[in-house]
Amino acid sequence: MFKLGVIGVGNMGEAIVKGILNKGILNSDDIVVYDRIKDKAKAISDKYGVGIANSNALLTKLSKIIIFAIKPQDLEDTAKEIKDYLTEDKILISILAGTSSQKIKANLGKNINVVRVMPNTPALIGEGVIAVSYDKSLNDSMKDYINRILSALGKVYEVKEDLMDVITGLSGSGPAYVFTFIDSLAQGGVKKGLPYQLALDLSIQTVLGSAKLLQETKEHPMVLRDKVSSPAGTTIYGLHELEKHNFRDGIISAVETATERSKELGKN
Ligand SMILES: NC(=O)c1ccc[n+]([C@@H]2O[C@H](COP(=O)([O-])OP(=O)(O)OC[C@H]3O[C@@H](n4cnc5c(N)ncnc54)[C@H](OP(=O)(O)O)[C@@H]3O)[C@@H](O)[C@H]2O)c1
């Protein structure tokens, strides 16, 4: 019996295996993987020393906790392959974007324990936001155990499932907003004479350092903003320009619209 079976070892599946092993949460002989691309599964097995199953059915039979790291469009087929082996004593963790636990259970045709997770792309380097919701009551030690497994991908936040759409609009899509901000900051530097690479490095470190300052001081963002805005200084001039271009309004609307889109996609 394996402690964890990972179905689909693409970007996220590999990040999960790698993170769990790097952080010493489980050993390689606790984990088994399967991917419909056989060479991919073999490469992961060779690289990390984890077990390899020759079907989703066998993986499910042999694992206590199963992680779905496939694309949402592969849910129906994968559910068919595993449903006969997914007994009540097992737990299914799904990282499928926009896919409710209700929909997963409907595809499986049984009321199994489904843990829904919404990661974001920094999870690929263990720095993600990992929102998790438990649809059935699990005892605290089991929740701690699952949260520890998920911590391989980043910081874990337990939430109610009905918050998953707004979390998708905020932290799920958030890295794309931040990347756009970083590039815009760099382009401003280029416009005023900096070479792009230097401008980009300065922008990345500015965002990274500012986020860490917020995290470590626990100050309100507006308090820290006011501290760098000296009277008639450069920053207040720059901030005024952002206000004129509805910077905050644009970001609030981005989260709002992405949330609505997540709801819409979840209905399909
Ligand atoms: N990447 C992110 O940052 C991110 C963020 C949030 C959520 N997610 C969620 O994470 C999930 C995985 O994303 P990903 O980027 O890791 O996808 P990915 O790189 O495409 O990996 C999925 C892997 O699973 C394989 N697969 C598909 N159906 C299978 C089946 N029935 N049995 C076994 N293996 C199967 C795929 O094979 P094929 O290539 O043949 O399809 C592929 O190798 C998605 O549901 C996504 O919504 C990802």
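I started at strand β5 (residues 91-94) and strand β6 (residues 113-118): four bridges join the two, and they run parallel. Strands here are DSSP E runs of at least two residues and helices are H or I runs of at least four, numbered from the N terminus. Two strands pair if DSSP finds at least two bridges between them.

Before going on, I noted that this is a predicted model, where local features need pLDDT of at least 70, side-chain atom pairs count only at pLDDT 80 or more, and totals for chains, interfaces and linings use all residues. Residues are numbered from 1 along each chain as its sequence is written, and side-chain values use heavy atoms, with hydrogens and water left out.

**β5 and its neighbours**

I looked up who faces Ile93, and found Val115 of β6 opposite. Next I checked the other neighbour: strand β4 (residues 63-68) runs parallel to β5, joined by four bridges. There, Ile65 has Ile91 of β5 as its bridge partner. I traced the chain from β4 through helix α4 (residues 75-82) to β5, and that β-α-β crossover is right-handed. The unit of β5, helix α5 (residues 101-108) and β6 is right-handed too. Right-handed means that, with the strands pointing away from the viewer, the path from the first strand over the helix to the second runs clockwise.

Which way do the β5 side chains point? Ile91 and Ile93 go one way, Leu92 and Ser94 the other, and all are buried (under 20% relative accessible area, 1.4 Å probe, protein chains only).

**The whole sheet**

I wrote down the order as β3-β2-β1-β4-β5-β6-β7-β8, an open sheet of eight strands with mixed pairing. At the edges sit β3 (51-52) and β8 (154-158), each pairing on one side only. For β8, I counted five bridges to strand β7 (residues 128-134), running parallel. Val129 has Lys155 in β8 as its bridge partner.

**A helix pair**

I then checked helix α1 (residues 11-22) against helix α2 (residues 38-48): the angle is about 10° and the axes are 11 Å apart. The two are therefore roughly parallel to each other (an angle under 35 degrees). Axes are lines fitted to C-alpha atoms over the stretch in contact, with angles from 0 to 180 degrees between N-to-C directions. Glu14, Val17, Lys18 and Leu21 of α1 meet Ile44, Lys47 and Tyr48 of α2, contact being heavy atoms within 4.5 Å.

Note on methods
Parallel < 35°, antiparallel > 145°, perpendicular 65-115°, else oblique. Buried < 20%, exposed > 50% of the residue type's maximum accessible area, 1.4 Å probe, protein only.
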